Amino acid sequence: MTVREESGTAPTPMTSPSSPSGTPGARDRAGAAAGLLLIILVAVNLRPALTAVGPLVGSVRDDLHLSGTAAGALTTLPLMFLGSYGLLAAFLRRPPRPEALLVTAMVALTAAIGLRMIPVTAALFAGSLVAGMAISVGNIAVPGIIKRDHPHRITAVTALYTVALSGGAALGSGLAVPIQDATGGNWRVPLSLLAVPAMLAALVWLPRLLKVRRTAAAAGAAPAAGSHRDVARKVWRSPLAWKITLFFGLQSSLAYVLFAWLPTMLTDRGLSQSAAGFVTAASSLIQIVGNMCLPLLAARLRDQRPIALLVGLFTAAGFAGLTWAPLGGMWLFVVILGLGQGGSFALALSMIGLRSPDAATAAQLSGMVQGLGYVISAFGPLLIGALHDATSGWTVPVALVVAIALTEIVPGLGAGRARVLE
């Protein structure tokens, strides 16, 4: 697949049943606002089912008499399947409509949460696996919808989407234990409550799905199997698509390293367990600021290469400073790391829409980038843990983390130039 340089003129937005043309400006604005709210509602559901388990894992382990390995698998199992649908999407005969994907994802997520409530250990693990698969469907579908419905505001809408993702993750981890304590110490209650917003998202998206199907039936439209596979084949053969995938995978691997190992790194430096957890949480919250800064930077730059360079340097400096700099300057590096990782995640997702000429390509590119990217990211925490065990320290593991952060700049520069796949 070749690429072409972007011109100064924004691409003509694709018309779709969910974004009709020729309507008054006020109605267009109301429809766009409603579409944004629907995207946000999905986004806030795509992380709590994962992040709420970590704070409760001690209670789950004691209640079900799980081994340390089994308890660790409970939190890592769904992470390994966050990109599973993306790997499958290229082989489908016809592409499902994105609205159908989101309704399916939210219904499956609701079912997964219910499955985890069954008082059988096997059901808890099965529910976690299904939750990871359901979330992968939502992960893949949203960037294509953003490209289709908001082609002139891809970075701004993607930033809003990533803010909602981060906010949902923070709420899931932050409210799990207080809800457990308020309900008599029952860890099943906070996990079961996650089904409420997931089902709400499914119900809210269902009318839009039905509308799309009615409009398509009236027009006699049907997805073309051949063209779908052609687009998938060309995307997977594109060097530009591989650069975006590598950038996404490397930056995601560092995000999981932060969640998995930063608290341990800080306690080994002398912080208390609660202080280390607070620092890690603060860095995650600052990522929201990094998410929001992306459209401000993108609006002032012709392409995204300077942003890719900046977020890579910030991430490397943040990890290095938190590991080796005096603890008196710790909060400076917390801010630097949060801005770097928040900006890199928003940039990686924005590139899916910015480098795609149309929504069909964006959907396929989203599947490839996140499908392979989350596989790459899963190796980050495992490799860092293995190096820590082998060296009995953090010098070598953090040196590798810094190297990964600097390495992500290379595909970031290649993917950041203003061009699109053809």
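## Ground rules

Residue numbers start from 1 along each chain as its sequence is written, and side-chain values use heavy atoms, with hydrogens and water left out. Since this is a predicted model, local features need pLDDT of at least 70 and side-chain atom pairs count only at pLDDT 80 or more, while totals for chains, interfaces and linings use all residues.

Helices here are DSSP runs (H or I, at least four residues), numbered from the N terminus. Two packed helices are described by the angle between their axes and the distance between the axes. The axes are lines fitted to C-alpha atoms over the stretch in contact, and angles run from 0 to 180 degrees between N-to-C directions.

## Helix 14 against helix 17

Let's start with helix 14 (residues 305-324) and helix 17 (residues 395-407), which pack at about 165° with their axes 7 Å apart. That angle is why the two helices count as roughly antiparallel (the label for angles over 145 degrees; under 35 is roughly parallel, 65 to 115 roughly perpendicular, and the rest oblique). The crossing of helix 14 and helix 17 is left-handed, the term for a near helix turned anticlockwise from the far one by less than a right angle, with right-handed for clockwise.

On the helix 14 side, the contact (heavy atoms within 4.5 Å) is made by Gly312, Leu313, Thr315, Ala316, Phe319, Ala320, Thr323 and Trp324. Helix 17 brings Thr395, Val398, Ala399, Val401, Val402, Ala405 and Leu406. Sorted by class, the contact has 11 nonpolar residues, 4 polar ones and no charged ones. For these classes, Ala, Val, Leu, Ile, Met, Phe, Trp, Tyr, Cys and Pro are nonpolar, Asp, Glu, Lys and Arg are charged, and the others, Gly among them, are polar.

## Helix 7 against helix 16

Helix 7 (residues 121-149) and helix 16 cross at roughly 150°, and their axes come within 8 Å. These two helices are therefore roughly antiparallel as well, and their crossing is right-handed.

From helix 7, the contact takes in Asn139, Ile140, Pro143, Gly144, Lys147 and Arg148. Their partners in helix 16 are Ala359, Ala362, Ala363, Ser366, Gly367, Gln370, Gly371 and Tyr374. The contact of helix 7 with helix 16 has 6 nonpolar, 6 polar and 2 charged residues.

## Helix 8 against helix 15, and two residues in the contact

Helix 8 and helix 15 pack at about 140°, with 9 Å between their axes. That makes the pair oblique, and the crossing of helix 8 and helix 15 is right-handed. Ile154, Thr155, Thr158, Tyr161, Thr162 and Leu165 in helix 8 meet Phe345, Ala346, Leu349, Ser350, Gly353 and Leu354 in helix 15. The tally for this contact is 7 nonpolar, 5 polar and no charged residues.

Serine 350 sits in helix 15 (residues 330-354). With 1% relative accessibility, serine 350 counts as buried (buried is under 20% relative accessible area, exposed over 50%, partly exposed in between, with a 1.4 Å probe and protein chains only). Its side chain reaches the backbone oxygen of alanine 346 at 2.8 Å. Leaving out residues up to four places away in sequence, serine 350 touches Ile154, Thr155, Thr158 and Leu294. Threonine 155, in helix 8 (residues 154-182), is buried at 15% relative accessibility.

## Two loop residues with positive phi

Histidine 65 has a positive phi of about 60° although it is not a glycine. This residue is in the loop between helix 3 (53-64) and helix 4 (68-76), and at 71% relative accessibility histidine 65 is exposed.

Serine 392, not a glycine either, has a positive phi of about 55°. Look for serine 392 in the loop between helix 16 (359-391) and helix 17; its relative accessible area of 67% makes it exposed.

Methionine 106 is in helix 6 (residues 98-116) and counts as buried, at 1% relative accessibility. Apart from residues up to four places away in sequence, methionine 106 touches Val42, Asn45, Leu46, Ala198, Ala201 and Ala202.

Alanine 390 lies in helix 16 and is exposed, with a relative accessible area of 64%. Its C-alpha atom is separated by 58 Å from that of alanine 216, 174 residues apart along the chain.

Note on methods
A polar contact is a pair of N or O atoms within 3.5 Å; within protein, one must be able to donate a hydrogen and the other to accept it, and residues adjacent in sequence count only if both atoms are side-chain atoms.
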